[in-house]
Structures are given as structure tokens and as C-alpha cells.
Amino acid sequence: MFEKLIQFLFGSAEEQPRHFDNLTYYIQFKNLADDAAHVLVAGATGSGKSVFINDFIYSLSAFGNADYILLDPKRVELVRWRNTLDCVGYACENDDMIGYLNGAISEMDRRYRQMAKKGIVKWDGDDRWIIIDELADLMVTDKKRVMPLLQRIAQLGRAAGIHLLCATQSPSRKTIPAELTLNFTHKIALRCDSAIESRQIIGTDGAEDLPKYGKGLLHRPGGLAWFPIPLTEEDKLKERIALLQK
Ligand SMILES: Nc1ncnc2c1ncn2[C@@H]1O[C@H](COP(=O)(O)OP(=O)(O)OP(=O)(O)O)[C@@H](O)[C@H]1O
Ligand SMILES: [Mg+2]
């Protein structure tokens, strides 16, 4: 029965093995969403950060136990998901994005109060992902306001089921301070311009030798692992998003 349901939702795992619709990839992204407190994705321009984020949202939408808030400083990358069922917020202006970060903190505090009332230490409702493509854009223009909010979510979000997924092009100390990076339990380096950048993201060389796109290196508490990032084709994305409209 479960197998049938999975086939209905995702199609057969055998066909189109390189396509994102392959169940393996959903499971990979689902595991990441389940395991990670927060995820940072970094790499050179054109290395597939936005493709990763689309895959991630696509997966979240398939499993239906998480909602998401989309912060889109570039204004074009995430807007297509804006009216999907599980999207509980979308913003691309700084003030609005900061409003959503503050809102996430209020929600976090509300969840902690509820947890205390129930006597539980881990939020038992849906997860919420706050997804930012691209973090550097937001930091460059509004670091003073943004940093403390991100820091608070990064430190306290996990137990309340509030998680950050941030993509960034330039992982320099300026755009992502070390104290913030520390709280990202899962860091994925896509192709980088230099070994220095690779080290800034995953603590080791290697991401500078990755293919132009399609493959990442995941740094997680258990160590390093490959992380394939297939492209969700445009027509698939459109079809999926059309199905998910509110
Ligand atoms: N796995 C993949 N397979 C095939 N093509 C891919 C793959 N990943 C990325 N690409 C191609 O590379 C392009 C750039 O990817 P993407 O927009 O995700 O990069 P990015 O890292 O977000 O870049 P930027 O820093 O400019 O935002 C995609 O539009 C797509 O054409
Ligand atoms: Mg991008």
C-alpha cells in the first residue's frame, strides 16, 4: 500500500534515474530536512544554489509535514512558490523580510510556551523552514538588523521546529560571521572559486574541484558526504506548482 502511494506520488524509481522525480532524491532531501537544524548552501555563481532550493521546496511540498517562508532578496528565484499551499509567507523587500524574521521569533517563543505547558522538550507539530536565497544580499544591505534575528533563530529554532535554509554566493566572514555559521549543522558546498572558499564552508578543500553543478559536498555532524543535486526541469516545476496552488 505504502509502495503504491509512493509510486503514485513520485512515479517509479527506475525510470529517469537522473531526474529529480527519482524517489532517491526526494529521500535524500527529506532526510536532510529531518536531520538538519539549519542548512547553509554556498557556491560560486551558477553552481546550482537556487536549483538546490527549488529541489528542497519541491521535496517539502511532497511530504506535507512542513511549511515554509520564502525570503527572496533577488526577487525572482522563489516567487513562483508564493501561492503554494504550504507557503505561509513571501517577501523580497528588506523591511518585509525582517518582519518575517521577527514573526518567526514570535512563533518560536509561542511554541516554546506551548511546549512548556505540555511538558515536552521538542515541538511535535509541523516544521517551519525559513528559506533565504540569497543571504549575502540581505546581509550586505541590512546586516545590523538581520544578524541578531538570524542568530536567535539559529540558536533556538531547532527544538521549536523552526529551521533556516540559506543560500549564499560569497561565504566570506563579512557576509556570514563565523558565530552564525557555527549554528548551521549542515553545510553544503557547491562548486567554489577557490580552496579558501571551500574551507570557509565545509572546513576542508575540495569544493573547488567539483563539477560546475550537479554535485555538492555536505558537511554534517557525522562527517563529509556527497550530495547530488539534480535539476528539476522547468516543465516539472511548473506542473508541480500548478497542482499546489492555494
Ligand atoms: N544539476 C544540474 N543539472 C543541469 N543544469 C544545472 C544543474 N544545476 C544547475 N544547472 C544550471 O545552472 C543554472 C544556474 O543554476 P542556479 O541558478 O541554481 O545557480 P546559483 O548558484 O543559484 O547562481 P546565482 O549565484 O547566480 O544565484 C541553472 O539555471 C541550470 O541551467
Ligand atoms: Mg541563485
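**A first look**

Valine 41 stands opposite isoleucine 188 in S6. This is a predicted model, in which local features need pLDDT of at least 70 and side-chain atom pairs count only at pLDDT 80 or more, while totals for chains, interfaces and linings use all residues. Residues are numbered from 1 along each chain as its sequence is written, and chains are lettered from A and ligands numbered from 1 in the order in which they are written.

**The sheet**

- Strands S1 (residues 38–42) and S6 (residues 186–189) run parallel and are joined by four bridges; helices (H or I, at least four residues) and strands (E, at least two) are DSSP runs, numbered from the N terminus.
- An open sheet of mixed pairing is formed by eight strands in the order S3-S2-S4-S5-S1-S6-S7-S8, where two strands pair if DSSP finds at least two bridges between them.
- Its edge strands, S3 (87–91) and S8, each pair on one side only.

**The hairpin**

- S7 (residues 215–220) and S8 (residues 223–228) run antiparallel, with six bridges joining them.
- Two residues lie between S7 and S8 in this hairpin.
- Lysine 215 has proline 228 of S8 opposite.

**Helix H2**

- On H2 (residues 23–35), the buried residues are Tyr25, Tyr26, Phe29 and Ala33; buried means that 20 or more other C-beta atoms lie within 10 Å of a residue's own, exposed 12 or fewer, and partly exposed in between, with C-beta atoms placed from the backbone.
- Asn31 and Asp34 are exposed on the other side of H2.
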